[in-house]
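Me: I have a chain open here and want to go through it with you. Can we start with the surface and work inwards?

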Amino acid sequence: TENHANYALVNGVLYNKEKTKILYCPRNKKQSFTIPNGVKRIGDYCFNCVQEMPVVIIPPTVTEIGKYALAHLNLKRLTIPNTVTSVGEGCFFYTQVEGEFQFSRNITVLPEDCFNHATQPKTDFIRNIQRFGKNCLSWNDSQQHNKGILRLEKAEFIDVEAFNYIEIYGCIELFPCLKDIGKNAFESDWGRKGVAGRCRFY
């Protein structure tokens, strides 16, 4: 592929010719991986199901992460740099992050299934989100969920089942910027206790 007109292959990892997009990482990769500086986009499904890779390091040149690009992973830590402004549908679907987790403060939309069935140590990034897509945090597991208040400070739209079956034992705070809440946005089977004891509207 050295002379291919459209693609470049480096140590088994596929890029576009200019190496501004990373397109595919082999599913059998077992070592930590650093995306090269200069890459601007992580392609759809790029790292999907690379389950034995402990860490993926994303450089500050990346601005966009495609759909299901970081899904079905088991990571020791993960940092999404503040240069990233958008993530695709199902981006972190079923991904587990054991340790440090940092999320770009410049992402304001969580699309459908973004963190569905995902596990991460904290969800403080939620306070920057304006639009929550369908099932974007359904069945999500975080150590913070049982620590009191879920503050949706900037939420304008909360789609259908956005927080479906998420354990939050405290209070959900909703603010005047909120324009619409979809059906079953905070649905739970655990006698409603699993979602929240009460809501506050400001």
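Reply: Fine. The accessible surface of the chain comes to about 10,100 Å², and 46% of that belongs to carbon and sulfur atoms. Keep in mind that this is a predicted model.

Me: How much of the chain counts as buried?
Reply: Of its 202 residues, 47% do.

Me: And how many helices and strands are there?
Reply: The chain has 21 strands and zero helices.

Me: What share of the contacts join residues at least 24 apart?
Reply: The figure is 27%, taken among contacts between residues at least 6 apart in sequence.

Me: Now the inside. Which residues touch the most other members of the largest nonpolar core?
Reply: Phe47, Ile65, Phe132, Leu152, Ile158 and Phe163 do, in a core of 52 residues. The elements giving two or more residues to this core are strand E2 (13-16), strand E17 (149-152) and strand E19 (171-174). As background, nonpolar side chains tend to be buried together in soluble globular proteins.

Me: Take Phe163. What is it in contact with, leaving aside neighbours within four places in sequence?
Reply: Phe163 is in contact with Ile126, Phe132, Leu137, Ser138, Leu150, Leu152, Ile158, Ala185, Phe186 and Glu187.

Me: In what sense do E17 and E19 pair?
Reply: They pair in the parallel sense, over four bridges. Within E19, Cys171 stands opposite Ile149.

Me: Change of topic: aromatics. How many pairs does a search of the whole structure find?
Reply: It finds 14 aromatic pairs. One of them is Phe33 with Phe47, a tilted pair at 5.9 Å centre to centre, with 50° between the planes. This pair links distant parts of the chain, 14 residues apart: Phe33 is in strand E4 (residues 33-34), and Phe47 is in the loop between strand E5 (41-42) and strand E6 (56-57).

Me: Why do Phe33 and Phe47 count as buried?
Reply: The cut-off is under 20% relative accessible area. Phe33 counts as buried because its value is 11%, and Phe47 because its value is 0%.

Me: Last one. Which residues form an aromatic cluster?
Reply: Phe92, Phe101, Phe103, Phe115 and Phe125 form one.

Conventions: Residues are numbered from 1 along each chain as its sequence is written. This is a predicted model: local features need pLDDT of at least 70, side-chain atom pairs count only at pLDDT 80 or more; totals for chains, interfaces and linings use all residues. Side-chain values use heavy atoms; hydrogens and water are left out. A nonpolar core is a set of buried Ala, Val, Leu, Ile, Met, Phe, Trp, Tyr and Cys residues joined through side-chain atoms within 4.5 Å. Buried means under 20% relative accessible area, exposed over 50%, partly exposed in between (1.4 Å probe, protein chains only). Contact means heavy atoms within 4.5 Å. Accessible areas come from the Shrake-Rupley method with a 1.4 Å probe; for residues, only the protein chains shown count as cover. Two strands pair if DSSP finds at least two bridges between them. Rings of Phe, Tyr and Trp (its six-membered ring) pair if their centres lie within 6.5 Å; planes under 30 degrees apart count as stacked, over 60 as edge-to-face and the rest as tilted.
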